[in-house]
Amino acid sequence: MPSVTEPLWEQERRYQGAASPVKVRVPAKINLHLGVGPLRDDGYHEVTTVYHAVSLYDEITARPAETLVLTMDGEGADQLALDETNLVIRAVQVLAEATGRPPHARLHLRKQIPLAAGLAGGSADAAATLVACDALWGTGLGREELASVAARLGSDVPFLVLGGTALGRGRGEQVSPVLAPGRAWHWVLALAEGGLSTPDVYRELDRLRAEDAAPPPAGSSDGILAALRQRDAAVLAASLVNDLQPAALSLRPSLRDTLDAGLAAGSLAGIVSGSGPTCVFLCRDAANADAVARALATSGTCRAVRTAVGPVPGARLG
Ligand code: C5P
């Protein structure tokens with residue numbers, strides 16, 4: 001299996017000329033720290049974040065074709081449009097434009113990452129599509145080029161190509177790997193009924209800040225980076241911060257019950273993931289995560305529960 005550190009272009013070299021179909025697996029992301037700064041003129045907020053890829057995966061299979069065909073199954077597949085509003089279709093088009101290829105592929109998307117959940121499921125699918133079509137078409141984009149195409153598709157897409165644990169700046173699209181000592185972190189993800197719109201949550205944060213009902217921006221990611229270096233789950237738990245959490249809770253007050261239930265079940269800490277409504281809980285070890293997952297599953301405060309470990313690699317051929 002490819003490691004977190006194996007460069008994508010090395011893997012692509014291994015897969016050049018591989019017989020079709022091309023299969024790419026891509027993880028969900030959570031944010032260990034999400035510091036949201038001011039609203040910029042382009043409608044985005046300046047962020048400082050620590051991204052963390054966890055082992056909940058979507059999978060894209062790409063085959064050669066004379067047109068562009070997309071089919072889907074799994075989590076929320078029936079709610080996703082199969083037109084240009086779908087980030088998979090956009091990713092094919094943007095890569096085709098960037099490389100001068102016709103946007104042709106037969107794609108099948110198998111989803112486990114829920115939609116509009118704060119786990120970057122759509123961005124993950126876009127990242128997987130870029131890596132899959134790059135391999136299918138043999139375009140062999142370098143790291144810089146791939147990152148710049150990814151950034152055009154969404155703020156989180158470059159991170160989903162990279163994976164692991166990474167610092168994000170700008171609107172989140174400028175990513176650099178965090179070199180922390182190897183250790184697996186154990187998470188429980190509490191999936192909610194229905195989604196939350198990311199723009200709505202950012203807007204709600206602006207509204208709360210305008211009336212001073214949200215704490216000031218969390219500032220730097222230094223606390224998380226130091227905690228990662230210490231490899232101590234209790235220290236990491238104490239450092240988790242999400243500036244979007246008050247806004248997500250304001251739009252979905254019942255998430256407070258989910259957070260309380262995960263803490264009562266024995267997790268070290270719980271936060272809303274990204275713009276929500278998924279809540280993520282850091283656990284001491286695998287056994288602690290299983291116990292927390294079992295308790296949450298019967299708590300009546302969430303739709304479904306998943307356990308996951310991080311960090312894991314980003315979109316990878318497999
Ligand atoms: O980049 P992406 O398309 O995923 O962003 C979706 C929306 O989330 C943006 O249109 C914007 O409203 C909001 N957003 C933001 N600041 C960011 C990232 C996203 O306000 N840094």
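Glu204 is buried, at a relative accessible area of 9%, where buried means under 20% relative accessible area, exposed over 50%, and partly exposed in between (1.4 Å probe, protein chains only). Its salt-bridge partner is Arg207, with the closest N and O atoms 2.8 Å apart; a salt bridge here is a side-chain nitrogen of Lys or Arg within 4 Å of a carboxyl oxygen of Asp or Glu. Both Glu204 and Arg207 sit in helix 6 (residues 198–210), 3 residues apart, or about one turn of the helix. Arg207 counts as partly exposed, at 40% relative accessibility.

A quick word on the ground rules. This is a predicted model, so local features need pLDDT of at least 70 and side-chain atom pairs count only at pLDDT 80 or more, while totals for chains, interfaces and linings use all residues. Residues are numbered from 1 along each chain as its sequence is written, and side-chain values use heavy atoms, with hydrogens and water left out. Helices (H or I, at least four residues) and strands (E, at least two) are DSSP runs, numbered from the N terminus.

**Two domains**

What do the two domains bury between them? The figure is about 2,400 Å², with 61% of it on carbon and sulfur atoms. Buried area is the accessible area (1.4 Å probe) that two parts lose on being put together, summed over both.

On the contact side, 30 residues of domain 1 touch 37 residues of domain 2, with contact meaning heavy atoms within 4.5 Å. The rule also finds 16 residue pairs in polar contact across this interface, both at pLDDT 80 or more. For a polar contact, read a pair of N or O atoms within 3.5 Å; within protein, one must be able to donate a hydrogen and the other to accept it, and residues adjacent in sequence count only if both atoms are side-chain atoms. Across the interface there are 2 salt bridges. Strand 1 (22–39), strand 2 (45–63) and strand 5 (165–169) are the elements that give two or more residues to the side of domain 1 that touches domain 2.

**The nonpolar core**

A nonpolar core is a set of buried Ala, Val, Leu, Ile, Met, Phe, Trp, Tyr and Cys residues joined through side-chain atoms within 4.5 Å. The largest one has 75 residues, and Leu107, Leu119, Leu130, Trp187 and Leu240 have the most contacts inside it. Helix 3 (residues 121–137) gives the most to this core, with 11 residues. At least three residues of this core come from each of domain 1 and domain 2. Apart from it lies another core, of 27 residues, including Ala190, Leu208, Leu249 and Val305.

Val309, in strand 11, is partly exposed at 30% relative accessibility. Beyond its neighbours within four places in sequence, Val309 touches residues including Ala53, Val54, Trp185 and Trp187. The C-alpha atoms of Val309 and Trp187 are 5.9 Å apart, although 122 residues separate the two along the chain.

**Charged pairs**

The salt-bridge count comes to 13. Here are some of them.

| Pair | N to O distance |
|---|---|
| Arg303 and Glu75 | 2.7 Å |
| Asp125 and Lys111 | 2.7 Å |
| Arg306 and Glu75 | 4.0 Å |

Why does the bridge from Arg303 to Glu75 tie together parts that are 228 residues apart in sequence? Arg303 lies in the loop between helix 11 (286–297) and strand 11, and Glu75 in the loop between strand 3 (68–74) and helix 2 (87–99), so the pair spans that stretch of sequence. Arg303 is partly exposed at 34%, while Glu75 is buried at 18%. As for the other pair, Asp125 is buried, with a relative accessible area of 3%, and Lys111 is buried with a value of 3%.

The peptide bond from Gly276 to Pro277 is cis, with omega near 5°. Pro277 lies in the loop between strand 9 (269–272) and strand 10 (279–283). Another cis bond runs from Gly310 to Pro311, with omega near 0°.

Terms used
Domain bounds come from an automatic or database domain assignment.
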